[in-house]
Amino acid sequence: MRIRVLPAATAVAFSLLTGCSPDEGAADRGSGAAAEPSAGNGPPAADVRALTRGVEAYVTAYFGDDAPTALGMMSERCRGVLVHEAEHAGKRGEEAYAAAVEEIAEEHGPRKATDVTVDEVSGDRARVSYRVGGLPEFGQEGQPWSREDGTWKYDAC
């Protein structure tokens with residue numbers, strides 16, 4: 001097995017994409033079953049569509065070296081965590097994130113979200129599972145998203 005150490009900025013960006021470790025938060029994740037957007041059963045169809053588009057746009061921006069778009073799709077809370085972690089490492093948050101996104105894009109190239117499933121929606125909180133084309137290590141199960149000002153934002157920090 002090949003193990004390598006990621007630079008601090010990349011580690012921050014990777015942790016923000018992947019959220020918690022596989023065992024962390026397992027108890028509070030949804031069942032992982034696909035939620036059907038039908039009347040009275042599962043999340044509203046509008047939320048499913050908006051979350052799916054949000055996940056797809058975030059993953060495309062993240063792997064497409066579009067840090068401003070990816071950063072704009074993060075919840076206010078996650079942007080605060082990013083800035084705090086970067087400053088703790090002696091860097092500026094947005095610059096560190098942009099450098100990390102650039103490195104991820106160079107290493108893996110453009111990618112798309114696949115198999116997006118909205119696991120649950122509860123008010124302005126949601127959990128979403130998806131894969132990243134060709135990169136199983138970036139796949140997500142029950143990743144948190146939150147609605148801010150009517151827009152779904154990545155909230156896995």
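Reader: What is the relative accessible area of glutamate 141?

Author: Glutamate 141 counts as partly exposed. Buried means under 20% relative accessible area, exposed over 50%, and partly exposed in between (1.4 Å probe, protein chains only). The value for glutamate 141 is 37%.

Reader: What kind of model is this, and how are residues numbered?

Author: This is a predicted model, where local features need pLDDT of at least 70, side-chain atom pairs count only at pLDDT 80 or more, and totals for chains, interfaces and linings use all residues. Side-chain values use heavy atoms, with hydrogens and water left out, and residues are numbered along each chain as its sequence is written, from 1.

Reader: Which residue meets glutamate 141 in a salt bridge?

Author: A salt bridge is a side-chain nitrogen of Lys or Arg within 4 Å of a carboxyl oxygen of Asp or Glu. Here the N to O distance is 2.1 Å, and the partner of glutamate 141 is arginine 131.

Reader: Which parts does that pair of arginine 131 and glutamate 141 tie together?

Author: Strands are DSSP runs of E, at least two residues; helices are runs of H or I, at least four; both are numbered from the N terminus. The parts are ten residues apart in sequence, because arginine 131 lies in strand β2 and glutamate 141 in strand β3.

Reader: Which residue forms a salt bridge with aspartate 124?

Author: Aspartate 124 is partly exposed, at 44% relative accessible area. Its side chain meets the partner at 2.8 Å, N to O. Asp47 is linked with both in a network of salt bridges. The partner is arginine 147.

Reader: How far is aspartate 119 from the nearest side chain of opposite charge?

Author: Lys and Arg count as positive and Asp and Glu as negative; His and the chain ends are not counted. Aspartate 119 is buried and has no salt bridge. The nearest side chain of opposite charge is arginine 127, and the distance is 7.3 Å.

Reader: Which side chain joins aspartate 119 in a polar contact of 2.6 Å?

Author: A polar contact is a pair of N or O atoms within 3.5 Å; within protein, one must be able to donate a hydrogen and the other to accept it, and residues adjacent in sequence count only if both atoms are side-chain atoms. Aspartate 119 sits in strand β1 (residues 113-122). The backbone nitrogen of glycine 142 lies 3.4 Å from a polar atom of its side chain. The side chain at 2.6 Å is that of serine 129.

Reader: How many salt bridges are found in the whole structure?

Author: Glutamate 95 and arginine 92 form one, with closest N and O atoms 3.0 Å apart. The search of the whole structure finds seven.
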